[in-house]
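Please prepare a briefing on the predicted model shown below, with the cut-offs behind each term stated where the term is used.

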Amino acid sequence: MTTTPDRLPCDIAELRTLFLFDKLDDEQLLFLCSRGHVERQEPGFVFREGEPADAFYVLLDGSLALYRRVGTDDIEISRTSQVGVYAGAWHAYLQQEEARSYLHSLRVLTPSRFYVLPAADFSEVMHTWFPMAMHLLEGLFFGQKSMQTATAQRERLLALGSLSAGLTHELNNPASAATRATATLRERVARMRSKLALVASGAYDRDELVQIIELQEKAVAALEEARGRPPMSALEASDREDDVADWLDDHGVGDNSEMAHSFVEAGIDPQWLEDHVGGIPENVVAGAAHWLGYTLETELLMNEVEDATSRISTLVEAAKQYSQIGRAPQQQADVHVLLDSTLTMLDAKLQGIDVVRHYDRSLPPVLVHGAELNQVWTNLIDNARQAMADSAERRLTITTRRVDDWLEVEIADTGPGIPPEIVDRVFEPFFTTKPVGSGTGLGLDISWRIVVGKHHGDLRVTSQPGDTRFLVRLPLTPPEAS
């Protein structure tokens, strides 16, 4: 819903103080006051994107925010209280179809005054007073629009392709593991059925069956307990398997190499076998050992399937968190969850890099645009990865901390650093230090606009050889609340 403005007198002395009009003479200023007027607007939307572009607005005092429509959401692109900023039908001079509607929405944040000029009069002013500038601006507008469309599309495709490749790689590993484990599990279950047929034939009496079942439950309990222990080294596991195989040989259990491996993975050693299996009748030991082996192999394979499918679920959830599917465009979010989802998405590209997290978990949630902030983390982390490509030490350190009323995220790498003569230019549009064809130079510019323009935070960099740090600051108190 748009606000209803109050009309006020137009003063050429006030117009002369604005940077837009300070070179105009009195006759021109009188023309502007005669064709336009001053409005007082209360907080609320002045116009919406897509509505007919009827007027050109210049801020005289107050504060405003501009929004663009993305899908079904209004996304804030900037806010300011600078006197003289303009919005609305500023492109009416183009005489094109797209000049007939507003390209963005204007919202007043505090009671404000605007100089307002009808779109037709603004177009007349541009064509009559500035004919050469009008032609130059028209060429600049369409040229820059075409260039930004092409480069932004390429940037999105590159990012999407990179993330898709990484996510596909990450999903393929647990999916393949689950497939292999399922095939082996089917074979083991078939063997257990044959053993069950042997049991059903009456090969064991009632007491012996009770002992075997009790051993089975104890072995499964030992496996669950072993899952919580640190894994053994390969050498320790090999020695333990040899000891278990020797015990099985001594008790007449042949073909025991796979069985010994399963026992060791379950945390079962010769002493456990002596304590629990050694006391049963000698004629039952071999059958009981094989039954325990099949049971443990089945449990281990089911654990492997569970781990693989859990990994897939974790990756899918990280992808949803990264893209913020189904979430409000602006929300209270834990910045650590956003950082971790980004690291998960980039996990395949970070192979060989030591990722260190120094998180201050006491930091409160902050009001952010989650999907766009994840794009910032992606740009900064991927740039750090590329910078360390040829470094002997490859360490990525992510630190979160509170600094006054800011939440600060520091992303540091051990790359060669940014040369001092260009460090101040890294946030410029289209500026890149990467080889031709490797980057568009828009990643850091986009990051700066998201952090500074949309979140009213700060983004800066310090760099020296072996220590480059990007500092992102986000306000803990939303600007409107403060």
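Which residue follows α6, and is its phi positive or negative? Helix α6 is followed by Gly252, whose phi is positive, near 75°. This is a predicted model, in which local features need pLDDT of at least 70 and side-chain atom pairs count only at pLDDT 80 or more, while totals for chains, interfaces and linings use all residues. Residues are numbered from 1 along each chain as its sequence is written, and side-chain values use heavy atoms, with hydrogens and water left out.

**Helix α6**
- Helix α6 covers residues 234-250, where helices (H or I, at least four residues) and strands (E, at least two) are DSSP runs numbered from the N terminus.
- Its 17 residues reach 24 Å from the first C-alpha to the last, close to the 24 Å expected at 1.5 Å a residue, the expected span being 1.5 Å times one less than the number of residues.
- Ala237, Val244, Ala245, Trp247 and Leu248 of α6 are buried, a class that means under 20% relative accessible area, with exposed over 50% and partly exposed in between (1.4 Å probe, protein chains only).
- Seen down the axis of α6, the buried residues fall within an arc of 160°, so they line one face of the helix; the arc is that of the directions from the helix axis to the C-beta atoms.
- On the other side of α6, Leu235 and Asp250 are exposed.

**Helix α12**
- Helix α12 (residues 443-454) has 12 residues and spans 15 Å from its first C-alpha to its last, close to the 16 Å expected at 1.5 Å a residue.
- Among the buried residues of α12 are Leu444, Ile450 and Val451, as well as Asp445 and Lys454.
- After α12 comes His456, whose phi is positive, near 55°.

**Disulfide**
- The structure holds 1 disulfide, a term for a pair of cysteine sulfur atoms within 2.5 Å, and it is formed by Cys10 and Cys33, with their sulfur atoms 2.0 Å apart.
- The pair links distant parts of the chain, 23 residues apart, since Cys10 lies in the loop between β1 (6-8) and α1 (12-16) and Cys33 in helix α2 (residues 26-35).
- The torsion about the S-S bond of Cys10 and Cys33 is about -70°, so the disulfide is left-handed.
- Cys10 counts as partly exposed at 23% relative accessibility, whereas Cys33, at 14%, counts as buried.

**Loop residue Phe19**
- Phe19 is placed in the loop between α1 and α2, and is partly exposed, with a relative accessible area of 43%.
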